[in-house]
Every structure is written in structure tokens, then in C-alpha cells.
Amino acid sequence: MFPVRNPLRTRLAVLTAASLVATLAPIGVTAAHAQVIRDRQGSSTDVSRASWSGPAYTMNGSGGVVSATMTRAINAIRGGSGTIDVAVVAASDGGTPECDDIMGLAGVNSCTTLTLTAKNDGNNSQVNTDIRNAEFVYFAGGNQCNYAAWKGTALEASVESVVAKGGGVGGGSAGHHINSDIVYDACAASATSAIALDDPYDRSMTFTTGMFRWANYANTVNDSHFQERDRMGRTMAFVARAVKDGRTSAGAAWGVGVNEGASLFIDKSGLATLSGSNAYVVLGDHQPEVAVSGQPLTYSNFKIWKLANGQTYNFANRPTCGYYLKSVTNGVPSSNLYSGTPVTDCSTTPPPPPGGGSAYAEVEPNDSRTAANDVSGHSYPLTVTGDMKSGSDRDYFKVSLTSGQTLTVDCAVPSAYDADLYLLSSTGSTLTRSVNDGAGADESVSLTRTSSGSATYYVEVEAYSGSGTADYACTVAKS
């Protein structure tokens with residue numbers, strides 16, 4: 001038996017070539033000293049073994065270790081025999097609660113708590129030795145902005161090496177956030193759902209990408225303390241921003257919200273199993289109807305999977321059924337965001353956007369008035385989606401107006417290209433246009449028919465610069 005705790009609590013001075021004169025300051029603080037605190041429990045000697053059976057991951061809704069998923073991770077990594085070493089990484093000195101819990105689990109050789117208080121602590125040699133020698137790295141709760149600051153340091157590669165050798169990684173609260181592909185870093189402030197939905201580009205809505213991308217977990221953005229702090233709304237805004245800003249590789253983003261005390265164990269095949277109360281996966285698979293700085297979010301038909309204790313979600317082969325639908329209109333979300341009737345028949349078409357409207361995806365070729373997609377028979381408001389397949393692409397849509405009617409077209413343009421918006425007469429004359437500069441700049445036009453009778457008009461979306469498969473989304477409304 002190993003002793004419960006070894007008296008190996010040490011402070012390691014963080015030195016670089018430039019710090020022979022002065023030590024580095026804690027993250028965000030101009031101070032004279034910065035030190036790493038190292039507290040090791042269990043054996044003083046690391047396990048040595050040729051191969052491991054992971055990777056395995058734990059994603060926790062609050063900072064503490066969840067014994068059920070941690071035990072599954074330990075067993076998956078050691079392959080049913082032997083023991084592993086664990087490193088807990090923290091950004092503030094809160095003692096060793098995670099290692100205290102982990103040392104009580106079977107299959108653990110040692111647990112070392114590493115408290116890093118400065119950005120360059122991520123380059124500390126002892127820190128990186130401890131991490132590389134571990135088989136599981138757990139990021140504690142705290143402030144994920146501090147963790148994001150270690151992007152590009154040696155620590156990033158060290159953690160990745162643990163997973164690459166068949167080990168694992170996880171974390172809770174801030175430690176849950178840092179393990180997603182797209183990290184809500186909260187470096188300026190912490191957003192509430194109300195703030196995020198009222199303006200998805202509020203100063204509190206900041207993100208870090210390019211740090212960790214775990215197998216089967218691409219295009220995700222994690223959130224914690226989910227129902228307890230009513231964070232569904234802000235996760236919806238995270239997802240909409242990820243899609244609108246082109247932060248994903250598939251034109252879609254998945255929010256992963258986990259309740260306090262709950263934890264997802266994800267095995268090496270990408271299958272996640274929930275332990276504890278609820279977790280939610282929130283998919284946004286199209287461009288937002290409105291996601292503009294200073295304006296409320298509008299996004300139709302988020303697909304939401306609700307997981308209860310013991311239920312699973314396959315991140316390697318992400319499901320296309322079993323979700324319920326919720327929307328946000330002018331910053332106001334649907335009611336009862338945390339429950340709904342699941343769609344179980346994949347052959348059915350999702351309901352139309354809120355407000356009694358409908359949806360239409362462009363059909364090529366529609367590069368001229370004579371080849372225009374006729375959307376005049378659809379119900380309104382109508383959400384029209386399409387893309388700019390080349391830098392000279394033009395998409396035409398045919399509509400009609402009667403005397404006294406006003407046509408309004410609002411287009412959300414992805415950051416992949418700059419597209420302009422025109423409203424043309426039946427003969428092709430430009431009646432009004434919107435030509436805002438810059439990739440991702442949204443466009444809007446409006447026209448009232450003052451003449452008697454009805455007439456045909458054409459909505460033209462035209463590539464100005466750039467191209468791509470990311471969809472624009474134009475809301476066409478009549479009043």
C-alpha cells in the first residue's frame with residue numbers, strides 16, 4: 001500500500017533566460033515573484049509501462065472529481081491491470097481536493113497537484129515532466145481564461161502527449177471549458193444567457209480556438225453549471241457565434257452543457273455516457289438568421305439532445321434523431337428550453353422557423369432572372385439559404401408583391417465571403433441594394449409597392465469577393 005500522502009509539497013521557481021534578473025508575474029498581475037506549487041500524493045516513483053489502453057475523457061459540470069466517470073477513465077486507460085499516475089492542473093492555490101478524491105480510487109499510483117499562477121509557468125520543466133509522466137491530466141475549476149493563456153506553451157504539447165500515448169484528460173467547470181474545440185474563455189467578463197442573447201457580440205463573448213482538439217470532439221463548445229445557472233441561452237449564442245464566425249470545420253457547432261455534479265465519460269471510440277443529472281448537446285447546423293454586433297440573436301431550430309443518467313451520445317457518429325427543437329427570435333428564446341418532444345423519425349422535415357414561416361434552400365442553377373428559384377408561393381417570413389460557390393456567383397429568387405405590401409430582406413452572411421444584396425424589378429432594374437463592405441457583413445433591403453395591382457420582383461444575392469460552402473441565410477418578410 002502506498003501512503004495516502006507524501007510530504008512533497010514544494011514551490012518551484014519559474015525561470016526563463018530573461019528571468020535571471022526577475023521572476024515572472026502571475027497571470028494578469030505585475031508582481032515580482034511567481035512560483036509553481038507542486039503537491040504529490042501516493043508513490044514518489046512514476047509508473048513505467050510500454051503501452052496504455054486509452055484515450056479516455058471526463059467532462060464535468062462542476063469543478064470536483066466525479067468518482068464514477070474518473071473510475072471508468074482509470075480502468076479504460078490501464079486496461080484492467082496496473083496503476084496510473086494523475087496530474088491535476090490548477091491556476092490558483094485551493095489545496096488538493098481533486099487529488100484527495102482521486103487517491104481514494106482503485107488503480108491510482110500517484111496524484112500530483114500543479115498550481116500554476118503565471119502564463120509562462122506552462123513552460124516550467126518540472127511541470128511538463130510531471131504531466132508527460134502522467135496517464136491522466138485533470139484541469140480543476142477556476143478561471144478558464146488562465147488556462148487559455150497556456151496555449152502555445154510547452155504544457156499544451158505535454159497534455160496532448162498524454163492522450164497520444166493512450167492516457168486521458170478531463171476537467172470540471174473551467175476545466176470542462178478548456179477541453180472543448182472552441183473554448184468560451186470569459187477573458188473580459190462572464191456572460192449570462194440574457195446578455196448573450198441580447199447581443200451575441202457583447203464584450204463578454206470571447207473565445208479561444210486551436211488549443212486542444214480531441215479525437216471525435218471537433219466543433220464543440222463546452223459549458224458548465226448548466227441548468228443551475230440557466231446557461232442554455234448563452235450556449236445557444238456560443239453555437240451561433242461559432243457558426244457565424246467560421247470557427248467550425250463543418251458549418252455546424254455542438255454545444256455541450258453539463259449540470260453540476262454530472263459528468264460525461266467519453267471512451268476512445270467517441271461514445272459519451274452520462275453519470276449524474278442532465279447534460280445537453282445543442283446543435284446549430286445553419287447560419288443564424290441574425291447575429292450582428294449590437295443586435296439580439298435570431299436563430300431557428302436549434303437541435304437539442306437531453307441526456308439523463310446512464311444515457312449516451314455518440315460524438316464519433318453524431319445522431320440525426322432524438323433531438324427536440326428550440327429557437328431564439330429577437331433575443332427571446334422559446335419557452336421550456338430544458339425539455340421538449342424528441343424527433344424520432346429521421347425521415348420527417350423539421351418544423352418551419354418560428355412565426356408561421358417556412359424555409360427554402362436554393363437550387364442551382366439560379367444564376368439569372370430566367371433561372372430564378374420561385375419562392376412566391378411559400379409562406380412568410382421565409383428563410384432562404386444558399387452559398388456563393390464561386391467569386392462570381394449570383395443567386396436569384398422570384399417573389400411577388402401586391403399594392404401596399406412591403407418586402408423586407410435581411411441576409412446573414414458568413415465570414416467566408418463578402419456578398420451583396422439587390423432587389424430588382426421584373427425587367428432587372430435595380431430598385432434598392434445593400435453593399436456593406438467586408439466578409440461576413442450582413443445585408444438588408446426593404447421596398448414598399450405603391451402602384452396598384454401586383455408585380456414580380458427578384459432578390460439577388462451576389463458574390464463580391466471570396467466564396468465558400470458556408471450558407472448565407474436571408475429572412476424574407478412581407479407586411
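Strand β14 (residues 279–284) and strand β15 pair in the antiparallel sense over five bridges; two strands count as paired if DSSP finds at least two bridges between them. Helices (H or I, at least four residues) and strands (E, at least two) are DSSP runs, numbered from the N terminus. Across this pairing, Tyr 280 stands opposite Lys 306 in β15. The strand β15 also pairs with β17 (residues 324–329), in the antiparallel sense and over four bridges. Here Lys 303 has Leu 325 of β17 as its bridge partner. Eight of the nine residues of β15 (residues 299–307) are buried, so β15 is largely enclosed by the rest of the structure. Buried means under 20% relative accessible area, exposed means over 50%, and partly exposed lies in between (1.4 Å probe, protein chains only).

The model is predicted: local features need pLDDT of at least 70, side-chain atom pairs count only at pLDDT 80 or more, and totals for chains, interfaces and linings use all residues. Residues are numbered from 1 along each chain as its sequence is written, and side-chain values use heavy atoms, with hydrogens and water left out.

**The whole protein**

The protein has eight helices and 28 strands. Its C-alpha atoms fill a box of roughly 90 × 55 × 35 Å, taken along the principal axes. Of the 479 residues in the protein, 54% are buried. Among contacts between residues at least 6 apart in sequence, 75% join residues at least 24 apart; contact means heavy atoms within 4.5 Å.

**Strand β12 and its partners**

In strand β12 (residues 263–266), Ser 263 and Phe 265 point one way while Leu 264 and Ile 266 point the other way, and all are buried. Strand β3 (residues 56–60) pairs with β12 in the antiparallel sense over four bridges, and Thr 58 has Phe 265 as its bridge partner in β12. Strand β13 (residues 271–275) pairs with β12 in the antiparallel sense, over four bridges. In that pairing Phe 265 stands opposite Thr 273 of β13. The strands β12 and β13 form a hairpin with four residues between them, and Gly 270 in the turn has a positive phi of about 95 degrees.

Axes are lines fitted to C-alpha atoms, for helices over the stretch in contact, and angles run from 0 to 180 degrees between N-to-C directions.

Another open sheet is formed by five strands in the order β20-β22-β27-β24-β25, again with mixed pairing. Its edge strands are β20 (373–374) and β25 (430–434); each has a single partner strand, so one side of each is left without a neighbour in the sheet.

| Strand pair | Bridges | Residues opposite each other |
|---|---|---|
| β24 (residues 417–424) and β27 (residues 454–466) | eight | Leu 424 and Tyr 458 |

**Thr 385**

Thr 385 lies in strand β21 (residues 382–388). This residue is buried, with a relative accessible area of 17%. Leaving aside neighbours within four places in sequence, Thr 385 is in contact with Tyr 360, Ala 361, Glu 362, Asp 471, Tyr 472 and Ala 473. The C-alpha atoms of Thr 385 and His 286 are separated by 8.5 Å, although the two residues are 99 apart along the chain.

**Helices α3 and α5**

Two packed helices are described by the angle between their axes and the distance between the axes. Helix α3 (residues 125–133) packs against helix α5 (residues 154–164) at an angle of about 15 degrees, with their axes 8 Å apart. That makes α3 roughly parallel to α5; angles under 35 degrees count as roughly parallel, over 145 as roughly antiparallel, 65 to 115 as roughly perpendicular and the rest as oblique. From α3, Val 127, Asn 128, Ile 131 and Arg 132 meet residues of α5 including Ala 154, Leu 155 and Val 162. By class, this contact has seven nonpolar, three polar and one charged residues. Ala, Val, Leu, Ile, Met, Phe, Trp, Tyr, Cys and Pro count as nonpolar, Asp, Glu, Lys and Arg as charged, and the others, Gly among them, as polar.
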